[in-house]
Amino acid sequence: MEIRHRVALVTGGAVRVGREIALGLARAGADVAVLYHSAATAAGETVQDIEALGVHGLAVAADLSDVAQVQAAAAAVQARFGGVDIVVNAASHFSVTPLLTTTYDEWRRVLGVLLDGPFFLAQALVPTMQARGGGVIINILDTSIDTPWPRFLAHAAGKMGLLALTTNLAAELAPTIRVNAVVPGPVLPPDGYPPAKVERTARYTLLQRWGTPHDVADAVEFLIRADYATGTVLHVDGGQRWAR
């Protein structure tokens, strides 16, 4: 698939890795809709940066754990652009959820963003994607699919569920829509991450260094263009899963 002149939608596209993915698609010539939850200012700035690249941008607010908001956001994007060709599910709600203290609402909040949102977003967008001749869905996973993450049970379960959604949608939507996933490793430290932990994390990769959000954006663009790849999970982790 050629990215230029396509329409892309990126959830979590206002900040961090999602922002770099959105800007990368804009640099490649796509019009980009950015779905965000609460980062309205950052979303507006991202859209300005997208449009400075000579393409069209749109910021849409939606709580991905709320099905009605997901459907409304999908309708707004389709009304603006006439449809979508590329969907990147990069949003997540990252929180500590240990077994004995996590409430039902906390559990559902994390899984709602990671699983409900991508499922119902696909349900809303796939018919017009098919009518436009097909498209690509890319899901952003993380290394919790390779290694246990104690105390982050909802997040790990959600990412494993998103992996299952990736492979099953690849089978269900073939041959017109391809569905793939990217697994980033350490590419962007959280705010306030101690320097000692940054150094230690680098040592836990085969390449002995951190990657960058641009590495993830490159992988997303590769899988969009790779017409014979579907149901594929691409690790961009510096070999972290083997170093461990």
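The crossing of H1 and H7 is right-handed. I start there; everything I describe comes from a predicted model. H7 covers residues 213–225, and H1 runs 16–27. The axes of these two helices lie 8 Å apart, and the packing angle is about 50°. H1 and H7 are therefore oblique to each other.

Which residues of H1 and H7 make the contact? From H1 there are Val 17, Glu 20, Ile 21, Gly 24 and Leu 25. H7 brings Pro 213, His 214, Val 216, Ala 217, Val 220, Glu 221 and Ile 224. By class, that contact of H1 with H7 has eight nonpolar, two polar and two charged residues.

Next, H4 and H5. Here the angle is about 15°, again with axes 8 Å apart. An angle under 35 degrees counts as roughly parallel, so H4 is roughly parallel to H5. H4 passes H5 in a right-handed crossing. On the H4 side the residues in contact include Trp 107, Leu 111, Pro 118, Phe 119 and Gln 130. They meet H5 residues, among them Leu 153, His 155, Lys 159, Leu 165 and Leu 173. The contact of H4 with H5 divides into 16 nonpolar, four polar and one charged residue.

The structure holds one cavity of 30 Å³ or more. The volume of the largest cavity is about 50 Å³. Its lining is made of Val 87, Asn 89, Pro 118, Leu 121, Ala 122, Leu 125, Ile 137, Asn 139, Leu 165 and Leu 169. Strand S4 (86–89), H4, strand S5 (135–140) and H5 each give two or more residues to that lining. Which element gives the most? H4 does, with four residues. By class, the cavity lining has eight nonpolar, two polar and no charged residues. Pro 118, Ala 122, Leu 165 and Leu 169 line this cavity and also take part in the contact of H4 with H5.

Last, the largest pocket, with a volume of about 1,700 Å³. It is lined by 49 residues, and the closest to its centre are Arg 16, Ser 92, Phe 94, Asp 142 and His 155. Two or more lining residues come from each of H1, strand S2 (31–36), H4 (104–131), H5 (153–173) and helix H6 (195–203). The pocket lining splits into 27 nonpolar, 13 polar and nine charged residues. His 155, one of those closest to the pocket centre, is also one of the H5 residues that H4 meets.

Notes. Residues are numbered from 1 along each chain as its sequence is written. This is a predicted model: local features need pLDDT of at least 70, side-chain atom pairs count only at pLDDT 80 or more; totals for chains, interfaces and linings use all residues. Side-chain values use heavy atoms; hydrogens and water are left out. On a 1 Å grid over the protein atoms alone, a cavity is a set of points where a 1.4 Å probe fits but cannot get out, and a pocket is an open set with protein on both sides within 12 Å along at least five of seven lines; lining residues have an atom within 4 Å of a point. Grid points are joined across faces, edges and corners, and a volume is the space filled by probe spheres set on the points. Ala, Val, Leu, Ile, Met, Phe, Trp, Tyr, Cys and Pro count as nonpolar, Asp, Glu, Lys and Arg as charged, and the others, Gly among them, as polar. Axes are lines fitted to C-alpha atoms, for helices over the stretch in contact, and angles run from 0 to 180 degrees between N-to-C directions. Angles under 35 degrees count as roughly parallel, over 145 as roughly antiparallel, 65 to 115 as roughly perpendicular and the rest as oblique. A crossing is left-handed if the near helix is turned anticlockwise from the far one by less than a right angle, and right-handed if clockwise. Contact means heavy atoms within 4.5 Å.
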